[in-house]
Amino acid sequence: MKVGVLALQGDVREHISSLIACGVTPMSIRRPVELEQVDALVLPGGESTTIAQLSEVFGIFEQIKDRIADGMPIYGSCAGMILLANEILDAKQGQKSFGGLDITVRRNAFGRQVDSFESDIAFDDGAANLVRAVFIRAPWVERVGAGVRVLASVDEHPVAVRSQTIFATSFHPELTGDHRIHRYFIEEVARPALEKVK
Amino acid sequence: MTEVTGTARVKRGMAEMLKGGVIMDVVNAEQAKIAEDAGAVAVMALERVPADIRAQGGVARMSDPDMIEKIQAAVSIPVMAKARIGHFVEAQVLQSLGVDYIDESEVLTPSDYENHIDKWGFTIPFVCGATNLGEALRRINEGAAMIRSKGEAGTGDVSNAMMHMRKIGGEIRRLSSMREDELYVAAKELQAPYALVKEVAETGKLPVVLFTAGGIATPADAALMMSMGADGVFIGSGIFKSGNPAQRAAACVKATTFWDDPKVVADASRGLGEAMVGINVADLPAPHRLSERGW
């Protein structure tokens, strides 16, 4: 399985390390021809406004949107979650997203950097299986559409959601050295979807 | 569920999210919006850009809280602000305003010629300047969560930034090639804590994100710094002291992302109008060189 990491801006290197630890071959993606070569894509943490803008400037925006609509498995962390959301609150004026995930997300919902935090959270009903989650100027989900499953919450705000082949977290598993969230994406989201296509 | 704020991971992680990006100096809300629209990953709110501090002289201090708050209200991206070296009260003020990162900066007039701020005590992360590896590790030891190599701010002359990136990179490569029993003396020579020296020798990189700053004025300058191993760039006077700030800002963002593709850098460099009028660092008398502040 070839997994791309959108490498226009953000913590690309950390996602690449996590993916290697999961046994897949990651590839940095900046150009349309590079995106054509991958089966699945990860949108890193970073500035959602910057990443959206660079995607448009370098002509990869519509292609990512189309691939998502065609069922390419995709995972976004933090800024990546914002880029996957159909609706963004507290957005920069005119801010665009790839969309595909029927959620409403609020940017910087947990506050500014002084409020950034880490915490152990239960992922996918795994109360016994806590994940250390790092939230940095993080968004939360305010509305989930039909068919969107909430996999983790903080103070009743969803922070990990999934709809079919689209998976998003408002925290950064790539910063902890614990690869379970990436493994979930590869083994539970991407692999079954790609095998079905074959 | 216990939520912990201000951990090293949360502070350093914030800088990881800025990688591959451009942080721009802005003096008002209008400039901040131009920077955000151009694709800046953050803005640095300050009253005078370094070129003006240099031209006008006098003591340069933390900005007016009103001005910082107006910029915070104008944009959705992170807002950074500068405190004077060693001025922990200015830093406390900036933290209370909720700025996202504090730059303990040599561009302002230092308040303490021996000590820097003890940055571990703050919830807010700090970025500090460095001209060499020892200086970078001393700042990290004091709690800096991000380092920027120093250039000569407000000149539009990239030579100092280049020299310091080469110096930091060279010293890291030298550590990586040493025998383990040589690292004790290396720590002594670098005047840096042994534990950090050992960590750098093992990983071949700083334990925090390394940006570069000072004298960057063109897309090619930004790409040059990225190819020297910077994780991203600060552009101070270079944008809003130029002929067409919006276009130059967007061009620098593009060149930072595609630093390794000369065609993109060439396209970004076209028709930008006048760059800031530069000052050659060599023409600056030593007492006016900002990058030599910090110890």
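For my residue classes, I count Ala, Val, Leu, Ile, Met, Phe, Trp, Tyr, Cys and Pro as nonpolar, Asp, Glu, Lys and Arg as charged, and the others, Gly among them, as polar.

This is a predicted model, where local features need pLDDT of at least 70 and side-chain atom pairs count only at pLDDT 80 or more, while totals for chains, interfaces and linings use all residues. Residues are numbered from 1 along each chain as its sequence is written, chains are lettered from A and ligands numbered from 1 in the order in which they are written, and side-chain values use heavy atoms, with hydrogens and water left out.

**Pockets**

I worked on a 1 Å grid over the protein atoms alone: a pocket is an open set of points with protein on both sides within 12 Å along at least five of seven lines, a cavity is a set where a 1.4 Å probe fits but cannot get out, and lining residues have an atom within 4 Å of a point. Points are joined across faces, edges and corners, and a volume is the space filled by probe spheres set on them.

The largest pocket comes out at about 790 Å³. It has 33 lining residues, and the closest to its centre are A:Arg13, B:Met226, B:Gly229, B:Ala230 and B:Asp231. I sorted the lining into 14 nonpolar, ten polar and nine charged residues.

Which element gives the most to that lining? Helix 7 of chain B does, with five residues. Helix 1 (12-21) of chain A is among the elements that supply at least two. My helices (H or I, at least four residues) and strands (E, at least two) are DSSP runs, numbered from the N terminus.

The second largest pocket holds about 320 Å³. Of its 18 lining residues, A:Glu14, A:Glu174, A:Leu175, B:Glu16 and B:Lys205 are the closest to the centre. Here I get three nonpolar, seven polar and eight charged residues.

**Cavities**

I searched the whole structure and found five cavities of 30 Å³ or more.

**Strands**

I called two strands paired if DSSP finds at least two bridges between them. One open sheet has three strands in the order 8(A)-7(A)-1(B), with antiparallel pairing. Strand 8 (130-135) of chain A and strand 1 (4-5) of chain B each have a single partner strand, so one side of each is left without a neighbour in the sheet. A:Phe117 stands opposite B:Thr5.

In chain B, strand 7 (residues 146-149) runs parallel to strand 6, joined by four bridges, and also parallel to strand 8, again by four bridges. B:Ser149 stands opposite B:Ala130 and opposite B:Thr212 in strand 8.

For A:Cys22, the nearest cysteine sulfur is that of A:Cys78, 19 Å away. Is A:Cys22 buried or exposed? A:Cys22 is buried at 11% relative accessibility, where buried means under 20% relative accessible area, exposed over 50% and partly exposed in between (1.4 Å probe, protein chains only). B:Cys252 is buried too, at 0%.

Notes
Disulfide = S-S within 2.5 Å.
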